[in-house]
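Hi,

Here is the structure I promised to pass on. Have a look at it first, and my notes follow below.

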Amino acid sequence: MSTRLPSTIAEAGAALRSGQLSSVALTKELLARARAAQDTIAAFIALTDDAALAAAQRADTELSNGTDRGPLHGIPLGIKDIIATADAPTTANSRVLDPAWGDRADATVVRKLREAGAVLLGKLGLHEYAIGWPDPATGFRIPKNPWDLARTPGGSSSGTGAAIAAGLILGGLGTDTGGSIRGPAAYCGISGIKPTFGRVSKEGCVPLGYSLDNIGPLAHTVRDCALLLQVLAGFDPRDPCTAQEAVPDMLASLDGSLDGVRIGIPRDYFFDVPDLDAEVRQAVLNGVEALAAAGARVIDVPFPNGPVASDAQRVILFSEAYAYHERDLRERPEQYGKFTRQQLQQGAFFTAADYVQAQRVRSLIKEDADRALDNVDVLITPTVLNVAPTFEGYNPDAVRRQPSFTGIWNLTGLPALSVCCGFVESGLPVGMQIIGRAFDEPTVLKVGDAYQRLTDWHTRVPQLAREGQLA
Amino acid sequence: MTDMDAAQIKLAVDAVLSRSGLSVTPEDYERLLGLYPALRAQAAALRIAQLPDCEPAIIYPARTVA
């Protein structure tokens, strides 16, 4: 297709308000694209055309009557199908989830998006129960990476990452327990933020790791992530994990200035591990250099316990996930996808003492993180070790003990954003991760936004989407 | 990795499966036998020298929050 649509929420909002475009027209076009791409990108589990068009019509009517609900009014978004929505069943990409669970009211975050006037196009694909690796035998579509259909868009928010990169939606929700927002953001060349634990309600979301889970936004730009997070954030009496922290203005600091900003680089583990791809490493260091050239001060900081932090995150994850799935793993294991089942089984092999030890390591790592952030405003690391791997030959067990740059921030609860910082020679995108202090999303977003004013990596579009070859 | 031999690993895996009530496919079983030493090594790695002063990061409100 050759229709040139807005590529960001901010751009679309301006077009809707100027009368250049209606929400109905935008929604119709994106629904058509999404449907045409179901056999290639395969991002959606369910498209909710009627509900989306009704919401778009309401948005157009309200905007023309002078009722403006804010930056998300009339904007088409997608929801990872592990978060409950009233207008479509929720599957968690699994044959195991009781359909009755999904037959319920909107999750808090979905309700907030609707109240902000967003148009929800449908439910996006994911790795089953937000863990594991896709298994074709389950019958669910497997989202593909728009940069290379033979490669994963990352997980577990695979459909969200793929749909945004392919231009099927302007933004969406993912969840992140060990990197499931930031991994897809990195592999798909887009932006995604895992907020501080407790910043966004998890009510209405199927849990994976109770103390590690987060819901957060993905979009092309950091600014769009900030617009989404502004709506999503806030205490929710229905989620005891949410914090009674005032929600700051997430956009106020997005002024492009890096004066006085101090960036910490934890070279131990995050830059010096042998598993880190050399091109990825260089792209991230180039990103840091660009920020330094624009006025940020770069300081090496210590982070001595990286490997044990990753171990602790995984022991906690598998223990908590196993607790949730224990009964279904006993009673109907064959209904899980193979890789999901195999991942979840691991939790049975950790003892109560292992879990407590992991939680004690958690306290230690939290101190390490606080110490690393003592005299800097943010930390920067690569998001992941490499670029998107191929589906062919991928072995989840082989990567089990590989370093993880993302799970540590779930362990510590700190906010972490991934932005595209370049492309390797094969044309695949690289992610750079920006981590901040607890509840200081504004500074994390400020640095990410400033980076996107200095560079144009985030404006690049996969060839398939550029040339209208998504069908 | 632990120093367990194949017979000990099999005993350990069988004990966990029995206690947990999990039934596994032959493929899953072979995988778990191969994975068990790595899982125990991962748990063992958590017992580091700095831990004696660390409280577990499990906080709950003793008073109900209204």
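How much space lies in the largest cavity? About 100 Å³, and the structure holds one cavity of 30 Å³ or more. By cavity I mean a set of points, on a 1 Å grid over the protein atoms alone, where a 1.4 Å probe fits but cannot get out; the volume is the space filled by probe spheres set on those points, which are joined across faces, edges and corners. Its lining (residues with an atom within 4 Å of a point) has 15 residues, and A:Asn93, A:Leu126, A:Glu128, A:Pro134 and A:Asp135 come closest to the centre.

A word on the source: this is a predicted model, where local features need pLDDT of at least 70, side-chain atom pairs count only at pLDDT 80 or more, and totals for chains, interfaces and linings use all residues. Residues are numbered from 1 along each chain as its sequence is written, chains are lettered from A and ligands numbered from 1 in the order in which they are written, and side-chain values use heavy atoms, with hydrogens and water left out.

Now the sheet. In chain A, 11 strands (DSSP E runs of at least two residues) form an open, mixed sheet in the order 1-3-2-4-6-5-10-11-9-7-8, where pairing takes at least two DSSP bridges. Strand 1 (44–47) and strand 8 (297–300) of chain A each have a single partner strand, so they stand at the edges with one side lacking a neighbour in the sheet. Strand 5 (residues 191–194) and strand 10 (residues 416–423) of chain A run antiparallel, paired over three bridges; A:Gly192 has A:Ser418 as its bridge partner in strand 10.

Enjoy exploring!

Notes: Helix = DSSP H or I, 4+ residues; strand = E, 2+ residues; numbered from the N terminus. 1 Å grid on protein atoms, 1.4 Å probe; cavity = no way out; pocket = protein on both sides within 12 Å on 5 of 7 lines; lining within 4 Å.
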